[in-house]
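Work through the exercises below with the sequence and the coordinates at hand. Each task is followed by a solution in steps.

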Amino acid sequence: MSGSLTFNSSTAAFLGGVRSAFMSVFFLVLAGTYVGLGALAHDFGLSVFWLTLSTLLVWAAPAQVILISGIGTGAALIEVALAITLSAIRLFPMVVALLPLVRTRDTRLRDLILPTHFTSVSMWVESLRVLPMLAPERRAAFCNGLSVGYMGAAIGFGFVGYYLAAGLPPLLAATLLFLTPLSFLISTARNARMMMDRLALGLGLGLGALLTVMNVQFDLMWAGIGGGTLAYVIHRVREAAT
Amino acid sequence: MSAALIDLWPYLILVTVGFLPNEIWRVLGLVLARGLNEDSQVVMWSRAIATATLAGVIAKLLLFSNGSLAAIPLGVRLGAAAIGFVVFLLAKRSVFAGVAVGEMALLAGGFLFAR
């Protein structure tokens with residue numbers, strides 16, 4: 001997938017982003033995830049408007065699942081907030097790795113606010129793949145178009161799930177849920193062209209599995225920091241050796 | 001509580017318990033990423049941590065599935081993910097091919113072995 005994509009204007013880049021969103025595998029992932037979230041919101045008595053607003057504001061499926069089931073089951077709000085903030089730590093390194101790709105010399109801070117808020121797994125994985133092929137001054141517009149496409153799909157499928165609710169046969173519901181880990185795994189592997197990224201993926205899978213099975217607290221945070229740092233250090237040592 | 005407050009309550013929770021604890025990490029990233037370029041070491045390290053965290057999420061979703069996916073035996077879930085991954089590698093790194101075959105494997109395995 002080398003070569004470059006050219007857009008003559010920011011509008012064209014934005015629309016190109018929207019089109020990419022609808023053609024990428026994450027469109028299916030969002031369908032699977034948000035049909036499920038819609039059904040969950042319905043079952044816990046939240047309105048479809050509330051669900052839409054939570055997609056716009058939170059824009060992170062794991063946090064939305066925690067929030068909806070937390071409200072629905074009457075969990076202590078401070079515990080829900082803590083669980084959400086722990087699940088959101090992953091957004092921090094994602095934003096740090098993404099923004100330098102989006103920014104040019106002339107980019108103002110306020111132009112980065114939307115790409116920052118839009119950062120999520122699907123947008124991050126797709127942006128890291130596509131943005132290097134674009135002229136730097138078109139990247140922010142493409143990124144925003146991509147995210148608006150994904151968010152629109154998420155909101156639409158939220159509606160579908162809300163009104164279909166529990167009507168899905170269990171095996172079909174299971175295949176929808178399986179879309180998330182399967183496509184995350186495969187699309188992250190596709191993006192991993194450098195040895196460091198492959199190491200980070202492999203180590204994260206191994207450590208994540210180990211720490212989850214051992215029931216370690218904050219398992220994902222440790223898998224990320226440990227696996228990522230180890231991959232980075234190995235990459236540096238190999239670079240120094242050559 | 002007044003009627004208006006009861007109506008607004010879920011929205012108040014959405015902002016304070018859902019939005020703010022989640023958004024703070026994005027904003028921190030925005031603040032820290034200022035002045036860094038894409039080849040800088042901090043950015044490389046961040047990318048490795050983000051990738052490994054995502055991999056951890058994948059492992060957790062496969063091992064401890066929830067909802068209807070939990071009714072599919074662990075072996076079927078792991079097997080279907082492995083089949084999808086191998087097909088992705090064989091099919092010139094096509095994500096769609098890998099995901100489609102992995103999903104079919106899960107459907108077939110779930111049909112045969114569901115509890």
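A residue is called buried if 20 or more other C-beta atoms lie within 10 Å of its own, exposed if 12 or fewer do, and partly exposed in between, with C-beta atoms placed from the backbone. The model is predicted: local features need pLDDT of at least 70, side-chain atom pairs count only at pLDDT 80 or more, and totals for chains, interfaces and linings use all residues. Residues are numbered from 1 along each chain as its sequence is written, while chains are lettered from A and ligands numbered from 1 in the order in which they are written.

**Exercise 1. Positive phi**

Solution. Begin with the background: most residues other than glycine have a negative phi.
Step 1: A:Trp59, not a glycine, has a positive phi of about 50 degrees. This residue sits in the loop between helix 3 and helix 4 of chain A; helices are DSSP runs of H or I with at least four residues, strands are runs of E with at least two, and both are numbered from the N terminus.

**Exercise 2. The fold of chain B**

Task: describe how chain B is built and say why it is more spread out than a compact globule.

Solution. 
Step 1: chain B contains 4 helices and 0 strands, in the order α-α-α-α along the sequence.
Step 2: its radius of gyration (taken over C-alpha atoms) is 21 Å, well over the 13 Å that the globule rule gives for 115 residues, so chain B is more spread out than a compact globule. That rule is 2.2 Å times the number of residues to the power 0.38.
Step 3: the C-alpha trace of chain B spans about 55 × 50 × 20 Å along its principal axes.
Step 4: of the 115 residues in chain B, 43% are buried.

**Exercise 3. Where chain B meets chain A**

Task: which element gives the largest share of the side of chain B that touches chain A?

Solution. 
Step 1: 65 residues of chain B are in contact with 76 residues of chain A, contact meaning C-beta atoms, placed from the backbone, within 7 Å.
Step 2: helix 1 (3-33), helix 2 (41-63), helix 3 (74-90) and helix 4 (95-113) of chain B each give two or more residues to this side. The largest share, 22 residues, is that of helix 2 of chain B.
Step 3: B:Ile13 has 19 other C-beta atoms within 10 Å and is partly exposed. Neighbours within four places in sequence aside, its contacts are A:Ile71, A:Leu77 and B:Gly18.

**Exercise 4. Domains and confidence in chain A**

Task: how far apart do the C-alpha centres of domain 1 and domain 2 of chain A lie?

Solution. 
Step 1: chain A is assigned domain 1 (10-180) and domain 2 (192-242), with bounds from an automatic or database domain assignment.
Step 2: their C-alpha centres lie 24 Å apart.
Step 3: chain A averages a pLDDT of 90, and 98% of the residues score at least 70; pLDDT is the predictor's confidence in each residue, from 0 to 100.

How values were computed:
Contact = placed C-beta atoms within 7 Å.
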